[in-house]
Amino acid sequence: MEDIRKIVGRNLREARQAVGLSQEALADQAGIDRTYVSGVERGVRNPTVTIVARLAEALGVRAADLLRE
């Protein structure tokens, strides 16, 4: 099984690009730092379920969508 951090990162990047947001714009909407978004997308940060939920809400997707392999 692929590392869950890589899965979340890939799904986050794809969802962000699909709605045309920059990392900075997504971070602003989710109330987190842009460098944190970058770290999550690269799979080097381990976001809490709260952060996953905030990112999903800012993107208009379900949190579960960010966790799907």
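What follows is a short chat about a predicted model of one chain.

Me: What should I know about the model before starting?
Reply: The model is predicted, so local features need pLDDT of at least 70 and side-chain atom pairs count only at pLDDT 80 or more, while totals for chains, interfaces and linings use all residues. Residues are numbered from 1 along each chain as its sequence is written, and side-chain values use heavy atoms, with hydrogens and water left out.

Me: OK, how many helices and strands in the chain?
Reply: There are 5 helices and 0 strands. Helices (H or I, at least four residues) and strands (E, at least two) are DSSP runs, numbered from the N terminus.

Me: Does the radius of gyration agree with a compact globule, or disagree?
Reply: It agrees: a compact globule of 69 residues would have a radius of gyration near 11 Å, and the chain has 10 Å. That radius is taken over C-alpha atoms, and the globule rule is 2.2 Å times the number of residues to the power 0.38.

Me: What percentage of the residues count as buried?
Reply: Of the 69 residues, 41% do. Buried means under 20% relative accessible area, exposed over 50%, and partly exposed in between (1.4 Å probe, protein chains only).

Me: Which residues of α4 are buried?
Reply: In helix α4, residues 49-59, they are Ile51, Val52, Leu55, Ala56, Ala58 and Leu59. These residues cover an arc of only 160° around the axis, which puts them on the same side of α4. The arc is that of the directions from the helix axis to the C-beta atoms.

Me: Why would residues a few places apart point the same way?
Reply: An α-helix has 3.6 residues a turn, so residues three or four places apart do that.

Me: And what's on the other side of α4?
Reply: Val49 and Glu57 are exposed there.

Me: What do the buried residues of α4 pack against?
Reply: They pack against α1 (4-18), α2 (23-30), α3 (34-42) and α5 (63-67). Contact means heavy atoms within 4.5 Å.

Me: Which residue takes a positive phi just after α4?
Reply: Gly60, with a phi of about 75°.

Me: Switching to Arg13. Where is it found?
Reply: Arg13 is in helix α1. At 29% relative accessibility, Arg13 counts as partly exposed.

Me: What does Arg13 touch, not counting residues up to four places away in sequence?
Reply: On that count, Arg13 touches Glu41 and Arg42.

Me: And how far is Arg13 from Gly43?
Reply: They are 30 residues apart in sequence and 11 Å apart in space, C-alpha to C-alpha.
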